[in-house]
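I went through this one with the viewer open and kept short notes. Here is what I looked up, in the order I got to it.

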Amino acid sequence: SSMRRDVDNSSTPSNIVVATPRQIQELLDTPLTQATWRRAIGYLDMVVVDEADRLVNKWTMHQRRVRFLEQKVDPAVIVLKAIEFQTTKAGRRDDWQLVAASATMSRRTHRNLKFSAGIDLTLIRAPGSDHWEAADKPNLGQYGDGTTNWPAGLRHRCRVPNPFRFPKVMSVAAQTIAELPEKTRRVLVVLATTPEKGRAPKSIYGLNLVLGQLNFRLAEYGRYEVLTCNEAIDNAATLWAPEGAEKRLQPAGRCQVVVASCEAIRGIHLDNIDAVVLVGDPMSVGDYQHCAGRTCRYQPGSSEPVEGMVVSIVPDQAATRMLHWGNLSGFKLVEVPLNKHLTTGERLKNRNDRELEELSAEELSEDELFVDEFMRASEAQLDDLERRM
């Protein structure tokens, strides 16, 4: 691999190595590099495991049972056990530090890390908001203290198109984006996993088709730029170069819409996401947390997360499931009907309502014209009677 070539053949060895667990496992198992890497991992000062829940706790209960019977072990667990063994063998058992980062640090994730590496972990988490039912049940929340991992400024909304088919879903997504506040400058559209074929825009339709649909439906508003997550990351690298400093700010009145799959944005930070539109059927509360967590984040110069909104466009059964997730995780989900404005709550007028109003206006104009003519004729008759008298 490129990592093996860069590390082994470098004239100046680096002191920071970035790799996947599987890459390190291959280096530990390959006879050519086995001795060097086993000795190296015994003298590490710090090991950082990013997306820890994904690396050591990504399987369902059934999948874990099958993997146990087949004696399969995740590469991250194998690497952590190898580090623990080699550091103990080198006589420096307590001289290294393990840092695990995750937006969803569950008890199972904590336990897998603890017993794989052989050391205990201290939980350090950003302060969250109070559980919305904590007034009556103070022991709610993942940690039993009445608080959640959700920032106080994050609002959770839900919309349920019926039927939940591609054209209808894309229409509702465009309508939702258009109804966001005028100050919105960047929106992330996340295509979540869906269990049924043909019901939500994911890999079945392809990213380009979703981009085309949103471009077509948002064109009438004239202020939206639709692009993929990869394009947004490439643009960010250019904008943060010295020569691109003057282009960092979005032009006034413009809004950037970034489209990505649920897997593509996992662990990715995009600056200044004002809202997330989740389309599809998220598989778990963890997937929902990772998608919703792209907004309402700490920004440079802010002492607390800025405000944000996540709007989920999901089928009916998924909305019911998300209500249970809210009780478990501590967020309050509010369903917004399609005939009401997302932010103001005002009733929206459909095409039939608008046609009726236009027809009523035309009839009213004809009535007013008739009354005016009648009044003028009546006044003329009265004047004529007065002259005769």
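**Salt bridges**

I started at Arg92, which is buried at a relative accessible area of 11%; buried means under 20% relative accessible area, exposed over 50%, and partly exposed in between, with a 1.4 Å probe and protein chains only. Before going on, I noted that this is a predicted model, where local features need pLDDT of at least 70, side-chain atom pairs count only at pLDDT 80 or more, and totals for chains, interfaces and linings use all residues. Residues are numbered from 1 along each chain as its sequence is written, and side-chain values use heavy atoms, with hydrogens and water left out.

What does Arg92 pair with in a salt bridge? I found Asp45 as its partner, with N to O at 3.5 Å. The cut-off I used for a salt bridge is a side-chain nitrogen of Lys or Arg within 4 Å of a carboxyl oxygen of Asp or Glu. Arg92 is in the loop between helix H6 (75–89) and strand E2 (97–101), and Asp45 is in the loop between H3 and E1, so this pair ties together parts 47 residues apart in sequence. Helices (H or I, at least four residues) and strands (E, at least two) are DSSP runs, numbered from the N terminus. Asp45 has 58% relative accessibility, so I logged it as exposed.

Next I checked Glu179 and Arg159, whose side chains form a salt bridge at 2.8 Å, N to O. Glu179 sits in the loop between H8 and strand E4 (186–191) and Arg159 in strand E3, so the pair ties together parts 20 residues apart in sequence. I have both Glu179 and Arg159 down as buried.

Then I looked at Arg223 and Glu182, a salt bridge with its closest N and O atoms 4.0 Å apart. This one links distant parts of the chain: Arg223 is in the loop between helix H9 (207–218) and strand E5 (224–228), Glu182 is in the loop between H8 and E4, and they are 41 residues apart. Arg223 is buried at a relative accessible area of 11%, whereas Glu182 is exposed at 58%.

I also picked out a network of salt bridges with shared partners, joining Glu51, Asp53, Arg266 and Asp287. My count of salt bridges by this rule is nine.

**Rings**

Back at Arg223, I saw that it also lies over the face of Tyr224, 5.0 Å from the ring centre. The test here is NZ of Lys or CZ of Arg within 6 Å of the ring centre and within 35 degrees of the ring normal.

How many aromatic pairs does the structure hold? I got four, taking rings of Phe, Tyr and Trp (its six-membered ring) as paired if their centres lie within 6.5 Å. Trp150, Tyr288 and Phe331 make up one aromatic cluster.

**Helix H3**

I flagged a cis peptide bond from Asn162 to Pro163, with omega near 5°. Pro163 is in the loop between strand E3 (154–159) and helix H8 (166–178).

Which residues did I flag for positive phi without being glycine? Asn272 has phi near 55°, and Cys296 has about 55°. Asn272 lies in the loop between strand E6 (255–261) and strand E7 (275–279) and is partly exposed at 48%. Cys296 is in the loop between helix H11 (285–292) and strand E8 (308–313) and is buried at 5%.

I ended on Ile313 in strand E8, buried with a relative accessible area of 0%.

How values were computed
Rings of Phe, Tyr and Trp (its six-membered ring) pair if their centres lie within 6.5 Å; planes under 30 degrees apart count as stacked, over 60 as edge-to-face and the rest as tilted.
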